[in-house]
Amino acid sequence: MMTGNSVETHNLTVIYNKKPAIWNIDFTLPAGKIIGVMGPNGSGKSTLLKAIMGIIEPNIGYAKIFDKDLDDVRERVSYVPQRQSVDWDFPASVWDVVAMGRYARKGMLKRLSAEDKSIIEESLEKVNMTAFAQRQISQLSGGQQQRVFLARALAQQADIYFMDEPFVGVDAATEEAIINLLKSMRDQGKTLIVVHHDLHTAQDYFEWMVLLNTRLVRVGPVEDVFNQETLTETYGGTLTTLSKVASLLQEKSFPMRHK
Amino acid sequence: MNDIWIIITASLVAANAAILGSFLIMRRMAMVGDAISHAVLPGIVIAYFLTNSRASFPMLMGAAASGMIVTTFIQFFNKKVKLQNDASIGISYTFLFAVGIILISFFGSNVDLDQECVLYGEIAYVPIDTLFIGELNIGPRQFWILLTTLIIIVSAVIMAYRKLVLTTFDEAFASAIGINVVFWQYYLMAGVSLTTVVSFESVGAVLVIAFIAGPPATAYLLTHSFKRMIYLSILIGIVCSIIGYYTAVWLNGSIAGAISSVIGLVFAIVFAVDLFKRRQVSRQVTQTSN
Ligand SMILES: Nc1ncnc2c1ncn2[C@@H]1O[C@H](COP(=O)(O)OP(=O)(O)OP(=O)(O)O)[C@@H](O)[C@H]1O
Ligand SMILES: [Mg+2]
């Protein structure tokens, strides 16, 4: 079991065109847990992930991963970008994309060894995409594309995974398969930081949660931070959201009625 | 013998352009070649005034320097000002081209310098300008320059292949695993500047631009593997050079013009066939699903 801190941020601030996307984010996250990052559209979830991984330079503040500078732990860090962030018409096969996960470990010149290849195959297997290995990536459905991105991350064999909305556009069965995969990774001691939108499933999926709305609203174990007050603070006081939250919390407190 | 030299020269340019063009079109930056061809003007003018000669080496250096400057501008507008790629390219090169024109008019219009002398090299003259080792004629000067360039580009791309592919396909992931995305963008653009500038002198700007955009776009329609796309675009470029050359001879017309037209024609044919095949497939699918 992994113990200690996974991510630590200090006054992390990113400003686009004079408007802050994230403002003064200060938190410490535990290792070995599935941690949700939630907040409305444009609340800075993707920006937070990118700033922690050094993909964008923060205007103020810094982040540490496993108590070290990012450059010292690069090969332990993996990233699953938002699916729409790449051009799926790029001429490559599923296998080619998953193999990219190995480059991080191998360096950029060495040939892929037999071991690398078996890791790639294993990763495809885990997301149930073995049959599609030679398929051109432009001929995949949205859910399949998402699984290719997950397989690429798995192939990296990292210790901490940042995933930006891995459940968007996947059907219920795939979503369940993915969450089971994440849980088994967690059981192996991996840390998973997952941007998520669905309030209904949040309590089941995550052990910890970061509630974000440009500023940090709350961070902590789900049972402490997921309640009507904090969700109102995060999502604003619109009637629909409020009533949704209320009914959600009700469902939670009477699980028997639901099941 | 002249035929052979011209075809070889065109093929060398085609190979260089195909390799870099494949990356450029996947990055939606195919027009960068066009941009560089205009943006080199101020560099050429400044080189001319500094050395007071039309010797080609200083001009080449001036052109290469402005090639890098336009690349920096494009990068700046794209990444810092957050403009679209095509808008960044458009603004950058028109600006530098304008600076070149202002420089010419500022220094006096009596100078014996026009854009054509550097920009529109004439491939038909390639065999005339030969190199000698002692008494021995070792072939056209352009051939040796282009061959050297090809060796540089091929080794540079082989060494950085995975990084170039990764930064082209998924910038954020590349950056997350510690690849310096901006550096590799410049690396690629340095290659493009070198190739375009060197090739202008031998085959002229229009043909270079046609080679950068045409064969890779054609190859893209024909294959699903990026590596094969590169090989295929080299092959298409060479075949177009051969057909284009003999067409020009046959029609007694411009060689660069003929090759460019063949490149366009080949793309059009492949595109039409591709479209036709897709229609057929989708018709079959609808028939079987009925
Ligand atoms: N490259 C950029 N340039 C300018 N502004 C940006 C850029 N990326 C994000 N922003 C802005 O920063 C804010 C936060 O964006 P971000 O993508 O981090 O939000 P998000 O929480 O991931 O949203 P979503 O749920 O829609 O994915 C938004 O207001 C957005 O418009
Ligand atoms: Mg986002």
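How far is an oxygen atom of ligand 1 from an N or O atom in the side chain of A:K45? The separation is 2.8 Å. The model is predicted. In it, ligand 1 is surrounded by residues from chains A and B, so the site is shared between chains. A magnesium ion, ligand 2, is coordinated by A:S46 and A:Q82.

**Shell around ligand 1**
- The shell holds 14 residues, of which A:N41, A:G42, A:K45, A:S46 and A:T47 come nearest.
- By class, three of the shell residues are nonpolar, eight are polar and three are charged.
- Helix α1 of chain A (residues 45-52) supplies three residues, the largest share of the shell.

**Polar contacts and cover**
- A:S43 places a backbone N or O atom 3.2 Å from an oxygen atom of ligand 1.
- A:Q82 has a polar side-chain atom 3.3 Å from an oxygen atom of ligand 1.
- On its own, ligand 1 has 640 Å² of accessible area, and the protein covers 65% of this.

**Magnesium ion**
- The donor atoms are OG of A:S46 and OE1 of A:Q82, at 1.9 to 2.8 Å from the ion.
- A:S46 belongs to helix α1 of chain A, while A:Q82 sits in the loop between β5 (77-80) and α3 (94-106) of chain A, so the pair ties together parts that are 36 residues apart in sequence.
- A:Q82 counts as partly exposed because its relative accessibility is 24%, which falls between the 20% limit for buried and the 50% limit for exposed.

Conventions. Residues are numbered from 1 along each chain as its sequence is written. Chains are lettered from A and ligands numbered from 1 in the order in which they are written. This is a predicted model: local features need pLDDT of at least 70, side-chain atom pairs count only at pLDDT 80 or more; totals for chains, interfaces and linings use all residues. Side-chain values use heavy atoms; hydrogens and water are left out. A residue is near a molecule or strand if one of its heavy atoms lies within 4 Å of it. A polar contact is a pair of N or O atoms within 3.5 Å; within protein, one must be able to donate a hydrogen and the other to accept it, and residues adjacent in sequence count only if both atoms are side-chain atoms. Accessible areas come from the Shrake-Rupley method with a 1.4 Å probe; for residues, only the protein chains shown count as cover. Helices (H or I, at least four residues) and strands (E, at least two) are DSSP runs, numbered from the N terminus. Ala, Val, Leu, Ile, Met, Phe, Trp, Tyr, Cys and Pro count as nonpolar, Asp, Glu, Lys and Arg as charged, and the others, Gly among them, as polar. Donors are N, O and S atoms within 2.8 Å of the metal (3.2 Å for Na, K and Ca); water is not among the atoms, so sites may look incomplete. Buried means under 20% relative accessible area, exposed over 50%, partly exposed in between (1.4 Å probe, protein chains only).
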